[in-house]
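Q: I have just opened this one and would like a short tour. Could we begin with a single residue and work outwards?

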Amino acid sequence: MSLTTATVALFVDSMAARRGEQLSSEETRLPFFKTCWSCRLLSGAGLLAAGAYVFQGARIRMKRGGPTSMGTVAQIFFALCIASWGVVIIADPVGKADPKTP
């Protein structure tokens with residue numbers, strides 16, 4: 001368990017104890033980010049917007065008629081990586097795949 005996951009688990013445990021609830025061990029191990037839809041949506045949309053901003057910078061340079069250099073190509077690639085990361089956070093594919101049976 002990483003430090004942040006352990007910290008979140010302790011926080012969730014302490015909040016449940018204050019309310020007088022008993023959480024199962026599975027509920028305490030779930031990261032807060034996985035269960036918070038608005039957190040995923042906000043951070044994923046932020047990453048998508050950041051990717052669009054970086055891509056727009058490279059696109060403006062190409063529209064001005066400047067030569068397409070390796071730096072511009074790297075900037076476009078980086079923008080696509082950031083935007084893809086945002087899509088992955090919003091979609092949350094971890095744990096949704098069917099386990100393979102041997």
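Q: Is Arg40 buried or exposed?
A: Arg40 is buried, with a relative accessible area of 9%. Here buried means under 20% relative accessible area, exposed means over 50%, and partly exposed is in between, with a 1.4 Å probe and protein chains only.

Q: Before we go on, what kind of model is this?
A: It is a predicted model, in which local features need pLDDT of at least 70 and side-chain atom pairs count only at pLDDT 80 or more, while totals for chains, interfaces and linings use all residues. Residues are numbered from 1 along each chain as its sequence is written, and side-chain values use heavy atoms, with hydrogens and water left out.

Q: Back to Arg40, then. Where does it sit?
A: Arg40 belongs to helix 4, which covers residues 37-63. Helices (H or I, at least four residues) and strands (E, at least two) are DSSP runs, numbered from the N terminus.

Q: What lies 3.3 Å from a polar atom of the Arg40 side chain?
A: That is the backbone oxygen of Ile89. A polar contact is a pair of N or O atoms within 3.5 Å; within protein, one must be able to donate a hydrogen and the other to accept it, and residues adjacent in sequence count only if both atoms are side-chain atoms.

Q: How many helices and strands does the protein chain have?
A: The protein chain has five helices and zero strands. Along the sequence the pattern reads α-α-α-α-α.

Q: And what share of the residues is buried?
A: Of the 102 residues of the protein chain, 18% count as buried.

Q: Let us stay with helix 4. What is its reach?
A: Helix 4 has 27 residues and reaches 38 Å from its first C-alpha to its last, close to the 39 Å expected at 1.5 Å a residue. The expected span is 1.5 Å times one less than the number of residues.

Q: Which of its residues are buried?
A: The buried residues of helix 4 are Arg40, Gly44, Leu47, Gly51, Val54 and Ala58. Trp37, also in helix 4, is partly exposed, with a relative accessible area of 48%.

Q: What comes just after helix 4?
A: Gly65 is found there, with a positive phi of about 95 degrees.

Q: Now helix 5. Which residues are buried there?
A: In helix 5 the buried residues are Thr72, Ile76, Ala79, Ile82, Ala83, Gly86 and Ile89. They cover an arc of only 150 degrees around the axis, so they lie on the same side of helix 5. The arc is that of the directions from the helix axis to the C-beta atoms.

Q: What is on the face turned away from that buried side?
A: That face of helix 5 carries the exposed residues Met70, Phe77 and Trp85.

Q: Which residues form the largest nonpolar core?
A: The largest nonpolar core has five residues: Leu47, Val54, Ala79, Ile82 and Ile89. Helix 4 and helix 5 are the elements that give two or more residues to this core, and helix 5 gives the most, with three residues. A nonpolar core is a set of buried Ala, Val, Leu, Ile, Met, Phe, Trp, Tyr and Cys residues joined through side-chain atoms within 4.5 Å.

Q: What does Leu47 touch?
A: Leaving aside residues up to four places away in sequence, Leu47 touches Ile82, Ala83, Trp85, Gly86 and Ile89. Contact means heavy atoms within 4.5 Å.

Q: And Ala79, how buried is that one?
A: Ala79 counts as buried, at 2% relative accessibility. With residues up to four places away in sequence not counted, Ala79 touches Gly51, Val54 and Phe55.

Q: What about Thr72?
A: Thr72 is buried as well, with a relative accessible area of 1%. Again not counting residues up to four places away in sequence, Thr72 touches Ala58, Arg61, Met62 and Pro67.

Q: How far apart are Val88 and Gly44?
A: Their C-alpha atoms are separated by 7.7 Å, although Val88 and Gly44 are 44 residues apart along the chain. Val88 is partly exposed, with a relative accessible area of 44%.
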